[in-house]
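Here is a colleague's note to read beside the model. Keep the structure open and follow the points in order.

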Amino acid sequence: MTIQIGMVGSDGIVLAGDTRRTNSGLLNSNRLWSGSRVGQDRTKIQIDGKCKIAVSSALDLETAERIAAAIIARLDISEPLFIEERIQTIANEVFNSHPKPEKGFQCLVVVALNPRPKLFSVINANVEGEREQAAVCWEWPKLAIAGDTVNGAIFWAERYYNQHLPTSRKPIAQLIPLCAHLVICARSLNPATIGGLEMVLCRSSGVEFQSEDDIQQLAERAERREDKIAEMIFNDQ
């Protein structure tokens with residue numbers, strides 16, 4: 001499990017998520033206590049060599065990252081038309097050439113296009129008229145979330161992005177703390193499989209990772225903000 005979020009601003013897109021990779025031990029029927037959950041922190045976002053495309057991965061990471069790598073390597077964005085269809089074609093070629101994952105996969109894709117970057121999601125879904133699942137791509141004009149899509153922390157995006165900005169958009173500099181806060185809160189609600197923070201900024205000029213120092217400061221501010229909100233609620237005078 002993971003949580004990944006793409007949020008479209010007036011001057012670009014914020015792509016953020018956690019870095020926790022959790023593996024659960026296989027339990028024996030006669031020794032139900034013999035397995036344990038273990039994890040490590042490693043990026044789930046891939047960027048192409050030209051810094052024009054970034055793809056984050058969720059759910060079955062082996063499948064998602066295989067598809068993400070293919071999109072990074074093969075997607076031609078010199079022609080901005082029909083990018084959604086081209087992403088879907090690449091994803092299906094990879095998806096259909098390997099065994100289907102039991103829990104599915106999800107990817108978020110940001111593309112640095114002029115005059116405005118675009119945000120897409122790629123997931124496995126049942127396609128009408130088909131007997132097997134296929135990879136499906138959608139473009140999202142505002143917000144896309146992958147991974148733990150029922151995590152209560154999504155409230156922050158719904159309340160302070162979807163509802164607070166119904167028609168206008170804020171610059172990505174103002175959306176960065178909101179995305180960081182959502183990921184940090186998601187960790188509090190699902191600490192077993194969500195942890196850490198990483199973030200990519202996508203402008204028409206290209207995509208770039210936020211530095212480790214910036215990420216550390218964002219995470220610390222989000223944690224302090226959580227404590228302040230709790231204090232405001234429980235000490236309301």
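**Notes on the fold**

1. Start with helix H2. H2 lies across S7, S8 and S9, and runs at about 155° to S9. Helices (H or I, at least four residues) and strands (E, at least two) are DSSP runs, numbered from the N terminus. Contact means heavy atoms within 4.5 Å. Axes are lines fitted to C-alpha atoms, for helices over the stretch in contact, and angles run from 0 to 180 degrees between N-to-C directions.

2. A word on the source. This is a predicted model, where local features need pLDDT of at least 70 and side-chain atom pairs count only at pLDDT 80 or more, while totals for chains, interfaces and linings use all residues. Residues are numbered from 1 along each chain as its sequence is written, and side-chain values use heavy atoms, with hydrogens and water left out.

3. Now the sheet under that helix. Five strands form an open sheet in the order S5-S6-S7-S8-S9, with antiparallel pairing. Two strands pair if DSSP finds at least two bridges between them. Strand S5 (45-47) and strand S9 (133-139) are the edge strands, and each pairs on one side only. From one strand to the next, the twist averages 20°. S7 and strand S8 (residues 118-126) share six bridges in the antiparallel sense. Val-109 has Phe-120 in S8 as its bridge partner.

4. Next, helix H1. H1 lies across S5, strand S6 (53-59), S7 and S8, at about 165° to S6. How do H1 and H2 pack? Helix H1 (residues 61-74) and helix H2 (residues 83-95) meet at an angle of about 135°, with their axes 9 Å apart. That makes H1 oblique to H2. For the scale, angles under 35 degrees count as roughly parallel, over 145 as roughly antiparallel, 65 to 115 as roughly perpendicular and the rest as oblique. Among the residues making the contact are Ile-67 and Ile-71 of H1, with Ile-87 and Ile-90 of H2.

5. Look at Phe-105. Phe-105 is found in strand S7 (residues 105-111). Is Phe-105 buried or exposed? Phe-105 is buried, with a relative accessible area of 0%. Buried means under 20% relative accessible area, exposed over 50%, partly exposed in between (1.4 Å probe, protein chains only). Leaving aside neighbours within four places in sequence, the contacts of Phe-105 include Ala-64, Ile-67, Phe-95 and Val-122. Phe-105 and Ala-146 are 41 residues apart in sequence, yet 9.2 Å apart in space, C-alpha to C-alpha.

6. There is another open sheet of five strands, in the order S10-S1-S2-S11-S12, and the pairing is antiparallel. Its edge strands are strand S10 (143-147) and strand S12 (206-209). The twist averages 15° from one strand to the next. S10 is mostly covered, as four of its five residues are buried. Strand S1 (residues 3-8) and S10 pair over five bridges. S11 and S12 form a hairpin with two residues between them. Cys-202 stands opposite Val-207 in S12.

7. Finish with the cores. A nonpolar core is a set of buried Ala, Val, Leu, Ile, Met, Phe, Trp, Tyr and Cys residues joined through side-chain atoms within 4.5 Å. The largest has 45 residues, and those with the most contacts inside it are Ile-5, Met-7, Val-14, Val-110, Leu-197 and Met-199. Helix H4 (residues 172-189) gives the largest share of this core, eleven residues. A second, separate core of 25 residues includes Ala-64, Ile-90, Val-111 and Phe-120.
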